[in-house]
Amino acid sequence: MFQYENGDRYQQGEQILEATGAPAKALHHWRNIEPHVGPVIDRMLGEFCFGDVWARPELDPRTRRVITITAIAVLGRPTLLRTHIRAALAQGFTRAEVMEIFVHLIAYAGFPVALSCIEVATEVFASIDAEPEA
């Protein structure tokens with residue numbers, strides 16, 4: 001079993017994830033996906049994506065979230081889009097702000113992309129509304 005969580009970059013990545021609304025140990029999810037590549041993906045996300053890229057001081061976490069949602073939206077990746085919409089809400093975005101990202105995309109990515117994203121966001125909101133209160 002790989003043990004990456006002791007590295008400085010990995011720990012910084014986990015701290016950034018938690019600061020932007022992700023549950024504690026969110027990266028560990030990938031370890032269980034598939035035993036051969038899951039731990040490697042866990043490490044790459046923790047060290048590079050969050051420990052290096054998201055940790056850079058030049059952009060604030062909200063701006064990084066908007067960029068991430070936009071990129072995922074334009075790439076047409078609804079599974080990851082759901083994850084990042086939930087993360088944006090946990091990070092403090094309002095539902096209106098999330099929707100405005102997609103309205104803004106109409107001018108640059110077109111109606112099909114934006115409308116699909118609005119549908120995904122609506123599903124996420126409904127799912128959240130259906131969850132029992134903690």
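A residue counts as buried when its relative accessible area is under 20%, as exposed when that area is over 50%, and as partly exposed in between (1.4 Å probe, protein chains only). By that rule, Glu119 is exposed, because its relative accessibility is 54%. The structure discussed here is a predicted model, in which local features need pLDDT of at least 70 and side-chain atom pairs count only at pLDDT 80 or more, while totals for chains, interfaces and linings use all residues. Residues are numbered from 1 along each chain as its sequence is written, and side-chain values use heavy atoms, with hydrogens and water left out.

**Salt bridges**

- A salt bridge is defined as a side-chain nitrogen of Lys or Arg within 4 Å of a carboxyl oxygen of Asp or Glu, and a search of the whole structure finds 10 salt bridges.
- One of them joins the side chains of Arg9 and Glu47, with 3.7 Å from N to O. This pair links distant parts of the chain, since Arg9 belongs to helix α1 (residues 8–19) and Glu47 to helix α2 (residues 38–53), 38 residues apart. Helices here are DSSP runs (H or I, at least four residues), numbered from the N terminus.
- The two partners can be described by their accessibility: Arg9 is partly exposed at 38% relative accessibility, whereas Glu47 is buried at 14%.
- Arg9 and Glu47 also belong to a network of salt bridges that includes Arg43 and Asp52.
- Another salt bridge brings together the side chains of Arg95 and Asp129, at 2.7 Å from N to O. Because Arg95 lies in helix α5 (residues 95–109) and Asp129 in helix α6 (residues 111–130), this pair ties together parts that are 34 residues apart in sequence.
- Of these two residues, Arg95 is partly exposed, with a relative accessible area of 32%, and Asp129 is exposed, with a relative accessible area of 55%.
- The side chains of Arg56 and Glu58 likewise meet in a salt bridge, at 3.6 Å from N to O. Arg56 is partly exposed, with a relative accessible area of 47%, and Glu58 is exposed, with a relative accessible area of 56%.

**Helix packing around α5**

- Two packed helices are described by the angle between their axes and the distance between the axes. The axes are lines fitted to C-alpha atoms, for helices over the stretch in contact, and the angles run from 0 to 180 degrees between N-to-C directions.
- The axes of helix α4 (residues 78–91) and α5 come within 9 Å and cross at roughly 140°. This makes α4 oblique to α5, given that angles under 35 degrees count as roughly parallel, over 145 as roughly antiparallel, 65 to 115 as roughly perpendicular and the rest as oblique.
- The crossing of α4 and α5 is right-handed, a term used if the near helix is turned clockwise from the far one by less than a right angle, with left-handed used if the turn is anticlockwise.
- In this packing, Leu81, Ile85, Ala88 and Leu89 of α4 are in contact (heavy atoms within 4.5 Å) with Arg95, Val98 and Phe102 of α5. The residues of the contact of α4 with α5 divide into six nonpolar, no polar and one charged, where Ala, Val, Leu, Ile, Met, Phe, Trp, Tyr, Cys and Pro count as nonpolar, Asp, Glu, Lys and Arg as charged, and the others, Gly among them, as polar.
- Helix α3 (residues 61–75) packs with α5 at an angle of about 55°, with their axes 11 Å apart, and this makes α3 oblique to α5.
- The crossing of α3 and α5 is right-handed. On the α3 side, Arg62, Val66, Ile69, Thr70, Ala73 and Val74 meet Glu97, Ile101, Phe102, Leu105 and Ala109 of α5, and the residues of this contact divide into eight nonpolar, one polar and two charged.

**Individual residues**

- Glu14 is placed in helix α1 and is buried, with a relative accessible area of 8%. Leaving aside its neighbours within four places in sequence, Glu14 is in contact with Lys25, Leu27 and His28.
- Glu119 lies in helix α6; Glu119 and Asp8 are 111 residues apart in sequence and 39 Å apart in space, C-alpha to C-alpha.
- Arg9 and Cys49 are 40 residues apart in sequence and 9.9 Å apart in space, C-alpha to C-alpha. Not counting residues up to four places away in sequence, Arg9 touches Gly46, Glu47, Phe48, Gly51 and Asp52.

Key
Helices (H or I, at least four residues) and strands (E, at least two) are DSSP runs, numbered from the N terminus.
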